[in-house]
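Thanks, I will keep this short.

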Amino acid sequence: MARAAVGIVGAGPAGLVLAHLLADHGIEAVVLEQKSREYVEKRVRAGLLEHRTVALLERHGLAERLRARGQVHRGVELRFDGARHRIAYGELCGGRHMTVYAQQELVGDLIGLWLARGGTIAFEAEDVRLHGIEGERPELCWSAGGRSERLACEFVAGCDGFHGASRPAIPAAALRVYDHPLPFAWVGVLAAVAPSTEEIVYAQHERGFAGHMLRSDTVSRFYLQTAPGDPIERWPDARIWDELHRRLATGDGWTLREGPVLEKSVTDMRSFVVEPMQFGRLFLAGDAAHIVPPTGAKGLNLAVADARVLADALALRLQTGDARALDAYSATCLARVWRVQDFSIWMTWLIHRIPDETPDAALRRRLQRAQLERVCGSPAAAATFAESYVGLEEA
Ligand code: APR
């Protein structure tokens with residue numbers, strides 16, 4: 001049977017960053033991934049990295065391609081009533097910036113670097129099961145190409161996303177679950193067209209939210225608010241462009257360039273957290289433990305932050321026997337998770353059309369307008385927004 005100090009389930013941002021950080025501490029980890037390498041390197045996800053996420057990757061020599069190909073941003077645009085309002089978060093937050101870099105590019109970089117340093121990833125690992133997480137000798141079992149495989153480890157990191165196998169391995173009674181669906185969904189669109197904006201745009205409109213995000217000089221990402229459960233078949237390309245034109249329209253002659261749609265899907269929004277993020281020798285990180293609504297693009301950054309805390313805590317425990325940081329892992333991460341939930345939920349309600357069936361919809365719409373005007377009109381309110389948007393609060 002194979003052995004490693006840490007068995008990591010999932011080769012997303014959380015699992016891969018954890019693997020690298022552990023290796024930098026001299027700790028051996030093996031990664032199990034359900035999908036193929038090709039699949040995870042192409043899966044379209046988020047694409048906005050906080051300053052401190054990039055700084056961590058740089059410190060560990062993981063940011064060379066990101067530095068060369070990522071785009072640095074220092075402002076974001078909020079649009080409503082056809083007017084544009086720029087929040088200059090770079091100036092408001094002491095020069096901190098954000099980097100636009102697609103998650104699948106980052107995942108591809110981390111996989112390439114991990115394999116180059118001699119690391120192991122078992123791709124296409126089917127039916128991963130976690131055994132003995134309550135005891136001292138956990139084991140991971142899976143099948144690959146019809147063969148049964150086993151890995152004995154001292155600790156297991158559950159980094160396998162919201163639908164993974166790790167969280168369900170914890171007895172339900174040991175977890176407190178906060179699961180709140182939001183009355184919003186996004187049609188996410190990837191299009192082969194140069195961006196029509198230099199900075200990310202969040203538009204509040206009576207037809208619903210529209211977002212113009214960035215990917216590269218030739219590919220743009222767009223989001224359109226719809227109702228949860230709306231099938232993508234109801235969104236032919238012509239309707240997508242029509243809605244984007246209407247919702248992003250400004251009074252100053254700005255125009256939207258169209259291009260071929262490469263990919264589109266609908267994602268319902270939810271807020272989800274489990275407490276604690278640990279059971280016995282299993283530690284959950286990233287989407288396996290929490291989902292934030294995607295407004296503000298915090299999920300990837302939270303996943304990397306969990307991985308950083310977990311790597312340091314595991315290293316201390318494995319190398320000195322000191323378990324204090326590991327015992328505090330869940331509480332340390334949850335403090336940040338709840339702050340980010342708060343901001344992500346607040347920003348979601350700030351920028352979306354409040355559905356008619358929402359209790360107090362008319363009141364909420366008036367309050368939403370007051371908040372938008374305040375964020376765009378008061379330097380203090382803009383600074384508060386900017387601080388959460390760039391993730392300044394716990395540098
Ligand atoms: N066994 C092994 N691997 C699994 C299993 C399983 N049962 N289930 C899922 N996985 C893999 C997925 O294929 C994926 O590669 O685990 C990985 C989890 O990666 P992500 O879902 O990307 O989660 P995480 O690393 O926590 O990244 C945070 O932030 O931008 C958001 O949701 C977005 O994915 C992003 C996340």
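A word on terms before the first residue: helices and strands here are DSSP runs, numbered from the N terminus, and a strand has at least two residues. Keep in mind that this is a predicted model.

I start with Thr-226. It belongs to strand S15, which covers residues 220–226. Is Thr-226 buried or exposed? Its relative accessibility is 11%, and buried means under 20%, so Thr-226 counts as buried. Setting aside neighbours within four places in sequence, Thr-226 has contacts with Phe-184, Ala-185, Val-187, Trp-235 and Val-266.

Next, Val-54, which sits in helix H3, residues 51–59. With a relative accessible area of 6%, Val-54 is also under the 20% cut-off and therefore buried. Beyond four places in sequence, the residues in contact with Val-54 are Leu-49, Leu-66 and Thr-99. For a distance along the chain, take Val-54 and Val-340: they are 286 residues apart, and their C-alpha atoms are separated by 18 Å.

Now the ligand. There are 26 residues around it, and those that come nearest are Glu-33, Arg-43, Arg-45, Gln-103 and Asp-287. By type, the shell divides into 12 nonpolar, eight polar and six charged residues.

Which atoms lie 2.6 Å apart at Asp-287? An N or O atom in the Asp-287 side chain and an oxygen atom of the ligand. A polar backbone atom of Ala-14 is 2.9 Å from a ligand oxygen, and at Gly-299 a backbone N or O atom lies 3.4 Å from an oxygen of the ligand. On its own the ligand has 710 Å² of accessible area, and the protein covers 91% of that. Two elements give two or more residues to the shell: helix H1, residues 13–24, and helix H8, residues 299–320. H8 gives the most, with three residues.

Last, helix H12, residues 379–390. It has 12 residues and spans 16 Å from its first C-alpha to its last, close to the 16 Å expected at 1.5 Å a residue. Which residues of H12 are buried? They are Ala-381, Ala-382, Phe-385, Ala-386, Ser-388, Tyr-389 and Val-390. After H12 comes Gly-391, with a positive phi near 75°.

That is what I have; I will take questions now.

Key: Residues are numbered from 1 along each chain as its sequence is written. This is a predicted model: local features need pLDDT of at least 70, side-chain atom pairs count only at pLDDT 80 or more; totals for chains, interfaces and linings use all residues. Side-chain values use heavy atoms; hydrogens and water are left out. Helices (H or I, at least four residues) and strands (E, at least two) are DSSP runs, numbered from the N terminus. Buried means under 20% relative accessible area, exposed over 50%, partly exposed in between (1.4 Å probe, protein chains only). Contact means heavy atoms within 4.5 Å. A residue is near a molecule or strand if one of its heavy atoms lies within 4 Å of it. A polar contact is a pair of N or O atoms within 3.5 Å; within protein, one must be able to donate a hydrogen and the other to accept it, and residues adjacent in sequence count only if both atoms are side-chain atoms. Accessible areas come from the Shrake-Rupley method with a 1.4 Å probe; for residues, only the protein chains shown count as cover. Ala, Val, Leu, Ile, Met, Phe, Trp, Tyr, Cys and Pro count as nonpolar, Asp, Glu, Lys and Arg as charged, and the others, Gly among them, as polar. The expected span of a helix is 1.5 Å times one less than its number of residues.
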